[in-house]
Amino acid sequence: VTRNPDSGVVRLAFRTVEDRVPPSADYVRIPYVDGFWEFTPLPSGQVGVVYEILINPGGNVPKLMVNFEAVDLPLQTVLKVIEQAAQHKASRAG
């Protein structure tokens, strides 16, 4: 995570890290992920969000499914983060 002190832009970069968790039959590893979330403060308290990812899910996943999730997943993630932040803020206020 980095933050530009002049612009206030926060960038959360992520990538594949191998061998942090032992292999398991309970899950499938994604062989390659490299991306970032970038949050830019905007006027009136709004925030601009950029999400960029390169991914190779491996296996026999059809490209159509990968592309479908690539469009829907970031929006669902942002909506869930907003929901969680609101719940956290409400719990701290009361």
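Is Lys80, at 43% relative accessibility, counted as buried, partly exposed or exposed? At that value Lys80 counts as partly exposed, where buried means under 20% relative accessible area, exposed means over 50%, and partly exposed lies in between (1.4 Å probe, protein chains only). The structure is a predicted model, in which local features need pLDDT of at least 70 and side-chain atom pairs count only at pLDDT 80 or more, while totals for chains, interfaces and linings use all residues. Residues are numbered from 1 along each chain as its sequence is written, and side-chain values use heavy atoms, with hydrogens and water left out.

Helices and strands were taken as DSSP runs (H or I of at least four residues for helices, E of at least two for strands), numbered from the N terminus. Two strands are said to pair if DSSP finds at least two bridges between them. Strands of a sheet pair through backbone hydrogen bonds, either parallel or antiparallel. Here, four strands form an open sheet in the order S1-S2-S3-S4, with antiparallel pairing. Strands S1 and S4 (47-56) stand at the edges with a single partner strand each, so one side of each has no neighbour in the sheet.

Strand S1 (residues 2-3) pairs with strand S2 (residues 10-15) over two bridges, and Thr2 has Arg11 of S2 as its bridge partner. The two strands form a hairpin with six residues between them, and Gly8 in the turn has a positive phi of about 80 degrees. S2 is joined to strand S3 (residues 32-41) by six bridges. Ten bridges join S3 to S4. The hairpin of S3 and S4 has five residues between the strands, and in this hairpin Ser44 takes a positive phi near 65 degrees.

Helix H1 covers residues 63-93. The helix has 31 residues and reaches 45 Å from its first C-alpha to its last, close to the 45 Å expected at 1.5 Å a residue; the expected span is 1.5 Å times one less than the number of residues. H1 bends by about 30 degrees at Asp72, and Pro74 follows within four residues. The bend at a residue is the angle between axes fitted to the seven residues ending there and the seven starting there.

A search of the whole structure finds two salt bridges, each defined as a side-chain nitrogen of Lys or Arg within 4 Å of a carboxyl oxygen of Asp or Glu. In one of them, the closest N and O atoms of Arg11 and Glu38 are 3.0 Å apart. Arg11 lies in S2 and Glu38 in S3, so this pair ties together parts that are 27 residues apart in sequence. Arg11 is partly exposed at 32%, and Glu38 is partly exposed at 21%. Glu83 and Lys80 also meet in a salt bridge (3.4 Å, N to O). Both residues lie in H1, three residues apart, about one turn of the helix. Glu83 is partly exposed, with a relative accessible area of 38%.

Leu75, Leu79 and Ile82 form a nonpolar surface patch with about 290 Å² of accessible area together. Patches are made of residues with over 30% relative accessible area and no salt bridge, like charges being joined within 9 Å and nonpolar side chains (Val, Leu, Ile, Met, Phe, Trp, Tyr) within 5 Å. Accessible areas come from the Shrake-Rupley method with a 1.4 Å probe, and for residues only the protein chains shown count as cover. Ile82 lies in H1 and counts as exposed at 53% relative accessibility.
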